[in-house]
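Subject: Handing over a structure, with notes

Dear colleague,

I am passing this structure on to you, together with some notes for a reader who has not seen it before. Please have it open while you read.

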Amino acid sequence: MKLLKKGITGFFKKENIKKHTEIQIKDFIKNIKFPYILIGEIESPNHSSNYYRFTILKQNKNEKFDLLINSCFWIIAGIKSESSWMNLDFIDIDSNLSEQLTNQNAELQILNKELLDSIIQEEEINILDKSKIDQIIYWKSETYGEIIFNGYD
């Protein structure tokens with residue numbers, strides 16, 4: 001599975017890649033069902049992040065966590081709600097929610113904590129253009145999670 005693709009960092013000028021719209025994200029998450037509910041607002045990508053972020057409450061356990069969706073690709077990850085934009089603490093998304101999400105979108109890739117925290121080999125990064133590689137070097141990004149869901153500015 002090749003996760004690193006041109007445009008994965010979300011910051012580009014020349015690539016012909018479309019970003020998800022907030023309407024697409026809202027349409028996607030509105031179908032999340034019990035025991036999960038969206039709480040609060042959706043945070044859109046901005047000048048220093050390449051992902052949508054929103055908080056989910058698992059009602060039957062009163063647990064909160066956040067979901068991230070890459071701004072360009074249907075790649076999703078779970079994080080602890082208290083994670084900050086440059087220090088994302090990834091978690092595994094449970095099978096019930098994973099099933100709900102994948103039933104809505106055949107393109108969706110749900111990444112687990114083990115993969116997101118794993119170190120990327122240099123040859124995998126080389127598919128990206130020089131400006132993205134320079135950002136990765138500057139921010140000392142080493143893992144899939146740090147690149148796919150980044151807080152570069």
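Predicted model: local features only at pLDDT ≥ 70, side-chain atom pairs only at ≥ 80, totals over all residues.

Residues are numbered from 1 along each chain as its sequence is written, and side-chain values use heavy atoms, with hydrogens and water left out.

Strand β4

Buried means under 20% relative accessible area and exposed over 50%, with partly exposed in between (1.4 Å probe, protein chains only). In β4, 5 of the 5 residues are buried, so this strand is largely enclosed by the rest of the structure. In a regular strand the side chains alternate between the two faces of the sheet. Here I75, A77 and I79 point one way, whereas I76 and G78 point the other way.

For strand pairing, DSSP must find at least two bridges between the two strands. β3 (63-70) pairs with β4 in the antiparallel sense over 4 bridges, and the two form a hairpin with 4 residues between them; within this pairing, D66 has I79 as its bridge partner. β4 also pairs in the antiparallel sense with β5 (residues 90-91), over 2 bridges, where F90 is the bridge partner of I79. With β6 (residues 109-110), by contrast, β4 runs parallel and is joined by 2 bridges, and there I75 has Q109 as its partner.

Helix α5 spans residues 130-138, and K132, I133 and I136 are buried in it. These three cover an arc of only 100° around the axis, which puts them on the same side of α5, the arc being that of the directions from the helix axis to the C-beta atoms. The face turned away from this buried side carries the exposed residues K130, I137 and Y138. Among what covers the buried residues of α5 are α4 (122-125) and α6 (144-148).

T143 has its place in the loop between α5 and α6, and it counts as buried because its relative accessibility is 10%. Leaving aside neighbours within four places in sequence, T143 is in contact (heavy atoms within 4.5 Å) with L116, D117, S118, I119 and I120.

Nonpolar cores

A nonpolar core is a set of buried Ala, Val, Leu, Ile, Met, Phe, Trp, Tyr and Cys residues joined through side-chain atoms within 4.5 Å. The largest such core has 24 residues, of which I148 and F149 touch the most other members. To this core β4, α5 and α6 each supply at least two residues. Apart from it lies another core, of 19 residues, which includes I25, I29, I76 and L101.

Aromatic rings

Rings of Phe, Tyr and Trp (its six-membered ring) pair if their centres lie within 6.5 Å; planes under 30 degrees apart count as stacked, over 60 as edge-to-face and the rest as tilted. By this rule the count comes to 4 aromatic pairs. One of them, between F28 and W74, is tilted, at 5.2 Å centre to centre and 50° between the planes. F28 lies in helix α1 and W74 in the loop between β3 and β4, so this pair ties together parts that are 46 residues apart in sequence. Both F28 and W74 are buried. The rings of Y138 and W139 have their centres 5.3 Å apart and their planes at 85°, so that pair is edge-to-face. In this pair Y138 is exposed, with a relative accessible area of 59%, while W139 is partly exposed at 24%. Y51, F90 and F149 form one aromatic cluster.

Backbone details

Most residues other than glycine have a negative phi, and most peptide bonds are trans. N62, although not a glycine, has a positive phi of about 55°, and this residue is found in the loop between β2 (51-58) and β3. Finally, a cis peptide bond with omega of about 10° joins F34 and P35, and P35 is found in the loop between α1 (22-29) and β1 (36-43).

With best regards
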